Amino acid sequence: MGVLISKLKEVLSAVLPITVIVLLLNFTLSPLDSSLLFRFILGAVLIIIGLAIFLFGVDIGITPIGQSMGKTIAKSNRIWIVVVAGLFLGFFISIAEPDLHILAGQIESVTSGQITKVSIVAIVSIGIAALVSFGLVRIVYNIPLYKILLVLYLIIFVLAIFTSPEFLAISFDASGATTGALTVPFILALALGVSLLKKDSKASEKDSFGLVAIASTGAIISVMIMNIFSKTDKITGSLEHHEVDSVSIIGPFLQKIPILAGEVALALLPIIIIFFVFQKISFKMSRRSVRKILIGLVFTFVGLVLFLVGVNAGFMDVGTTVGYNIAILDNKAYVVIVAFVLGFVTILAEPAVHVLTNQIEDVTSGYVKRKVVMTTLSIGVGLAVALSMLRILIPELQLWHYLLPGYMIALAMTYIAPKLFVGIAFDSGGVASGPMTATFILAFVQGAAEAIEGANVLIDGFGMIAMVALTPIIALQVVGLVFKLKSKRGGLERDVE
């Protein structure tokens, strides 16, 4: 119970800032309808409670399953088992990721069904499966992460030449949305389980990160290939305006609960089935351990449902409305400043970020502090959302103008940054773009794009998650270089290499 209360306190301090900012905007730049405001406050309460329960459930349910599976796969000492298990687990975990369903649903809505939700989810999941499998093989064979990432991003840059602007934004956004609240804890635990069996503790520490980064490139590559072969070059998009029901406050929440409960149940079902299959064949855990994991999965289910209901029924409409209202103001500086502040504080409420930062602190035995990683991520994401807003305001600015030099800098830094931080940085890039980003900030940016003349909701709105995934990669490698310089002075350079 004490652990749950500590999680609640942690989440409360994370979600309150964005709630306060929206309330301040309501009284200043963007007055909101009273029913919309009450829905936002109720959504914030559900997010706080849901996120605390979810994180508690992940600790005692999802993470132990992932670690046990990783160890079992590695113990087989057969590369074909690692490959097949990676493909199987990668596909089912990705196809069940709620964040991917959120993004795919928004793509289907904005394109009026020209790009279906099912096609995006299926194509992305195939890409993720292939790269999770490849990432596990990398750990087994000790292939340096920076070399793998260089090759993968060179492939992406070549494919980008033949990819339409609409699909360029969607492909990078899909990679960010795939690494969400459910996928990240599982993939991190899977990587840790495989890497822990290595005799070299330093190699094990470094290899426990990077699988999320490799997996997320699978989403980019698969969507780009889909675009190139499907020849869907010209797709138009617009934001549907929904009249806010001034009477119903509870209604949208009650409407979302059964839909989201079904999606989350579908998300957890493959993991539960896989767990019982592995338990029968390999794990042979005690009844007490199995009971504890099942309780953890129940907490994960309840927490994720409450969290997603709060986000979808309380936060989404407010994000679009606030973005639209601020963008139509004469002074466009307001929308850029608000974008930075929202990006800065929203990252604090991302479930997967908490999972990653805790694992970073554990794996490095407290050498890399959670607060340092969180602050760096917040600044990086704040800049990403602000730069995305500038792209909407300045028609000449295109997504590749950011992504090409950005990833070139990020990849160049892999040669000089400590290798542990390379894995952490690229994992953080995917993790930063979770359910809060894929809903509230994406809605804010799309609302602004709809309001600004000359902006395209499909091209300018959907590129934002790609930016959110990029900036933390550079920011955390900079932190790694700072740690490297500090450790040189203290004679501890070996600890961060």
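Analyst: Happy to! Let's begin with a term: on a 1 Å grid over the protein atoms alone, a cavity is a set of points where a 1.4 Å probe fits but cannot get out, and its lining residues have an atom within 4 Å of a point. This is a predicted model, where local features need pLDDT of at least 70 and side-chain atom pairs count only at pLDDT 80 or more, while totals for chains, interfaces and linings use all residues. Residues are numbered from 1 along each chain as its sequence is written, and side-chain values use heavy atoms, leaving out hydrogens and water.

User: How many cavities of 30 Å³ or more are there?

Analyst: The count comes to one. The largest cavity has a volume of about 70 Å³, a volume being the space filled by probe spheres set on the points, with grid points joined across faces, edges and corners.

User: Which residues line the largest cavity?

Analyst: Among them are Tyr-153, Phe-172, Ser-216, Tyr-407 and Ile-473. The elements that give two or more residues to this lining are α7 (165-178), α10 (211-230), α17 (419-431) and α20 (464-489). Helices here are DSSP runs (H or I, at least four residues), numbered from the N terminus.

User: Switching topic: where is Thr-357?

Analyst: Thr-357 lies in helix α14, residues 351-363.

User: And is Thr-357 buried or exposed?

Analyst: Thr-357 has a relative accessible area of 0%, so it is buried. Buried means under 20% relative accessible area, exposed over 50%, and partly exposed in between, with a 1.4 Å probe and protein chains only.

User: What does the side chain of Thr-357 make a polar contact with?

Analyst: Its partner is the side chain of Arg-370, at 3.2 Å. A polar contact is a pair of N or O atoms within 3.5 Å; within protein, one must be able to donate a hydrogen and the other to accept it, and residues adjacent in sequence count only if both atoms are side-chain atoms. Leaving aside neighbours within four places in sequence, Thr-357 is in contact (heavy atoms within 4.5 Å) with Arg-370, Val-373 and Met-374.

User: Now His-101: which helix is it in?

Analyst: His-101 is in helix α4, residues 98-110. His-101 counts as buried because its relative accessibility is 14%. A polar atom of the His-101 side chain lies 2.8 Å from the backbone oxygen of Ile-95.

Definitions and conventions: 1 Å grid on protein atoms, 1.4 Å probe; cavity = no way out; pocket = protein on both sides within 12 Å on 5 of 7 lines; lining within 4 Å.
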